[in-house]
Structures are given as C-alpha cells and as structure tokens.
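Reader: Show me the model, please. Then I will ask how you know what you say about it.

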Amino acid sequence: TGSSEHGHKLITKAFVGDKSILHWELADQGEHEGRASLFKGAFLAHRNPRAHRVLERDLHQEVGEFLLLNSLFGYEKTAVRREIPPASDSP
C-alpha cells in the first residue's frame with residue numbers, strides 16, 4: 001500500500017471507503033464494504049484479545065480463525081490499487 005500505518009489504521013486506509021488504496025474491480029459497492037468490514041472485524045476480533053490477554057487454546061476456534069484467514073488472503077490477493085483521477089484545475 002505504501003502506507004507507514006499498521007494494524008487497524010492500515011486496514012482502514014487500505015480497504016475502507018471510496019478513497020481506499022485498494023479495491024476489488026468486480027465488486028459492487030456493497031460487496032466492497034462487506035469485504036472491507038471482514039478485514040477490519042477479523043483484525044479487531046482476533047488480534048486484540050491476543051494483544052491484551054493470555055488466551056486458552058481452543059482447537060475449534062483456531063480452525064475457524066485459520067479458515068477465515070484463508071478467505072481473507074484470497075480477497076487480499078484479488079485487491080488492486082485504486083486509480084485516483086487527477087485533481088481538476090477548474091473551479
């Protein structure tokens with residue numbers, strides 16, 4: 001992305017909104033928002049608990065997280081840099 005941000009801020013800058021750095025060419029707006037929300041939600045739901053407390057191992061949960069990550073890697077692979085049109089010189 002070329003961004004120096006990390007964590008939640010990086011995900012937001014990369015995927016969230018009409019001016020995000022990355023997007024999916026074949027996705028309509030609703031689908032784009034859904035995919036962006038998956039990235040943001042997965043990070044907040046799975047990273048934050050690990051960063052703030054010791055978790056007990058739960059094989060069922062770990063397999064679920066692995067499958068979610070696999071899906072996110074697939075979406076990330078198909079994301080492309082958004083072409084931002086040059087600013088207009090006219091008022």
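Author: Start with Arg-35 and Glu-31. Both lie in helix α2, four residues apart, about one turn of the helix. A helix here is a DSSP run of H or I with at least four residues, a strand is a run of E with at least two, and both are numbered from the N terminus. This is a predicted model, with residues numbered from 1 along each chain as its sequence is written, and local features need pLDDT of at least 70. Side-chain atom pairs count only at pLDDT 80 or more, totals for chains, interfaces and linings use all residues, and side-chain values use heavy atoms, without hydrogens and water.

Reader: Why is the meeting of Arg-35 and Glu-31 called a salt bridge?

Author: A salt bridge needs a side-chain nitrogen of Lys or Arg within 4 Å of a carboxyl oxygen of Asp or Glu. Arg-35 and Glu-31 meet at 2.8 Å, N to O, so the pair passes. Side chains of opposite charge can pair when their charged atoms come close.

Reader: How many salt bridges does the whole structure hold?

Author: Two. In the other, Glu-62 and Arg-57 meet at 3.3 Å, N to O. Glu-62 is partly exposed because its value is 27%. Arg-57, at 73%, is exposed.

Reader: What makes Phe-15 and Phe-39 a stacked pair?

Author: Two values. Rings of Phe, Tyr and Trp (its six-membered ring) pair if their centres lie within 6.5 Å; planes under 30 degrees apart count as stacked, over 60 as edge-to-face and the rest as tilted. Phe-15 and Phe-39 are 4.3 Å apart, centre to centre, with 20° between the planes. Phe-15 lies in helix α1 and Phe-39 in helix α2, so the pair ties together parts 24 residues apart in sequence. Both residues are buried.

Reader: Why is the pair of Trp-24 and Tyr-75 called edge-to-face?

Author: The planes stand at 75°, and the centres are 6.4 Å apart. Trp-24 sits in the loop between β1 (22–23) and α2, and Tyr-75 in helix α3 (residues 59–78). That is 51 residues apart. Trp-24 is buried at 3%, while Tyr-75 is partly exposed at 25%. Ring pairs join Phe-15, Trp-24, Phe-39 and Tyr-75 in a cluster.

Reader: What makes a set of residues a nonpolar core?

Author: The residues must be buried Ala, Val, Leu, Ile, Met, Phe, Trp, Tyr or Cys, joined through side-chain atoms within 4.5 Å. The largest core has 12 residues, among them Phe-15, Trp-24, Phe-39 and Ala-79. Helices α1 (7–15) and α2 (29–52) each give two or more. In soluble globular proteins, nonpolar side chains tend to be buried together.

Reader: How do you know that His-32 is buried?

Author: Its relative accessibility is 4%, so His-32 counts as buried. His-32 is in helix α2. Contact means heavy atoms within 4.5 Å. Leaving aside neighbours within four places in sequence, His-32 contacts residues including Phe-15, His-23, Trp-24 and Arg-82.

Reader: And His-23: buried or exposed?

Author: At 17%, His-23 counts as buried. This residue lies in strand β1.

Note on methods:
Buried < 20%, exposed > 50% of the residue type's maximum accessible area, 1.4 Å probe, protein only.
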